[in-house]
Amino acid sequence: MKFTAEQIAEILEGEVVGNPNALVSKLSKIEEGEEGALTFLSNPKYQNFIYTTKASVTIVNSTFVPDAALSTTLIKVADAYSAFTKLLEFYNQVKLNKTGIEQPSVIDESAHYESDLYLGSFSYIGKNVKLGTNVKIYPNSYVGDNVTIGDNVTLFAGVKVYSETVIGNNCTVHSGSIIGSDGFGFAPNTDGTYSKIPQIGNVVIEDNVEIGACTTIDRATMGSTIIRKGVKLDNQIQVGHNVVIGENTVIAAQTGIAGSTKIGKNGMIGGQVGFAGHIIIGDNVRIKAKSGISKNVKDGEILQGPVAFNDTNYSKSYVHFKNLPKIITEIEELKKEILNLKKNYNG
């Protein structure tokens, strides 16, 4: 799609300085700008690039005054960074605004869907499924029986949503993620084998949740695994059965959460954090990458470490961790000195 500088200025409520008919069809960094591209300048560190960029249109702050001639058309706005972010959102909406049912695909006759559905090729919609308005399901996706999906939800290619799952409004699930697979439940037998415990619960995902690629959220043994509103999950996260993640908590990649753990709201959890099962994590907790959480955590705690403990104590301890060989040598020397002093005293 192509837009003129004037059309973009109308979207951003900005002022065109230069050619209002300059056409753009792509976005770029200012240092990589080429003809037909739209870019922006907000950081003064990159200001020199505006005089050499070949981008057709550049968004700048309204206070920007060039020191030399420019080949790019300017759009002046109150805040260039915010304006460009707004434009990215607009561009993404236009790009992803697909509708229609591609073939081959399967929609069970008992399923119900509202307007503006997009269903990609080789996708399957099961029995009694309910899909809201403006749902986008990309190719090779699976939606099992009795699933309910709200309005403005996007499932990217290859997403699998098992039966009974409930997904709220304004949610995004990225490619390869699996929602509602069986929890890890096995009972040991006397002969050393294991018997599977049936997982008959479901997954409930509330509004405004985003789930990264190849993340897995297990269904509950009984009841529900619950992802509260506003949660953001990165790629390759494992959420065990009966876990609850509180609203507006963000979790980075490769984190694993064992079954029945409850995580509070407004948390920030780094990558590769491991949670033991059946523990309770408070609200407003910060956990740094590669930490191991094996017990309950109070509200507002900041944790770090393979067996995580208070962040301030960890930082102080780490100074000594690095110097352990030196400290041990000094201790050995002190022991020798004490032994010599004892010998001399006794002598």
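Which backbone nitrogen does the side chain of threonine 261 reach at 3.5 Å? The views below come from a predicted model, in which local features need pLDDT of at least 70, side-chain atom pairs count only at pLDDT 80 or more, and totals for chains, interfaces and linings use all residues. Residues are numbered from 1 along each chain as its sequence is written, and side-chain values use heavy atoms, with hydrogens and water left out.

**View 1. Threonine 261 and its surroundings.** The side chain of threonine 261 reaches the backbone nitrogen of isoleucine 279 at 3.5 Å. A polar contact is a pair of N or O atoms within 3.5 Å; within protein, one must be able to donate a hydrogen and the other to accept it, and residues adjacent in sequence count only if both atoms are side-chain atoms. Threonine 261 sits in the loop between strand S32 (256-257) and strand S33 (262-263). Helices (H or I, at least four residues) and strands (E, at least two) are DSSP runs, numbered from the N terminus. With a relative accessible area of 0%, threonine 261 is buried; buried means under 20% relative accessible area, exposed over 50%, and partly exposed in between (1.4 Å probe, protein chains only). Not counting residues up to four places away in sequence, threonine 261 is in contact (heavy atoms within 4.5 Å) with residues including Asn242, Val244, His278 and Ile281.

**View 2. The largest nonpolar core.** A nonpolar core is a set of buried Ala, Val, Leu, Ile, Met, Phe, Trp, Tyr and Cys residues joined through side-chain atoms within 4.5 Å. The largest one has 45 residues, and those with the most contacts inside it are Leu155, Ile205, Phe275 and Ile293. Leaving aside neighbours within four places in sequence, isoleucine 205 is in contact with Val166, Ile167, Gly168, Cys171, Ile179, Ile211, Ile217 and Ile227. Another core, of 15 residues, lies apart from the largest one; among its members are Leu12, Leu38, Val57 and Ile59.

**View 3. An open sheet of ten strands.** The order is S9-S12-S15-S18-S21-S26-S29-S32-S35-S38, with parallel pairing. Two strands pair if DSSP finds at least two bridges between them. Strand S9 (106-107) and strand S38 (292-293) are the edge strands, each pairing on one side only. Strand S12 (residues 124-125) and strand S15 (residues 142-143) run parallel and are joined by two bridges. Isoleucine 125 has valine 143 in S15 as its bridge partner.

View 4. Rings of Phe, Tyr and Trp (its six-membered ring) pair if their centres lie within 6.5 Å; planes under 30 degrees apart count as stacked, over 60 as edge-to-face and the rest as tilted. By this rule there are eleven aromatic pairs. Tyrosine 314 and tyrosine 318 are stacked, at 6.0 Å centre to centre with 15 degrees between the planes. Tyrosine 314 is buried at 14% relative accessible area, whereas tyrosine 318 is partly exposed at 41%. Tyrosine 318 also forms an edge-to-face pair with phenylalanine 321, at 6.0 Å centre to centre and 90 degrees between the planes.

**View 5. Cysteine 171 and cysteine 214.** A disulfide is a pair of cysteine sulfur atoms within 2.5 Å, and the count by this rule is zero. The sulfur of cysteine 171 is 19 Å from the closest cysteine sulfur, in cysteine 214, and so is too far for a bond. Cysteine 171 is buried, at 1% relative accessibility, and cysteine 214 is partly exposed, with a relative accessible area of 45%.
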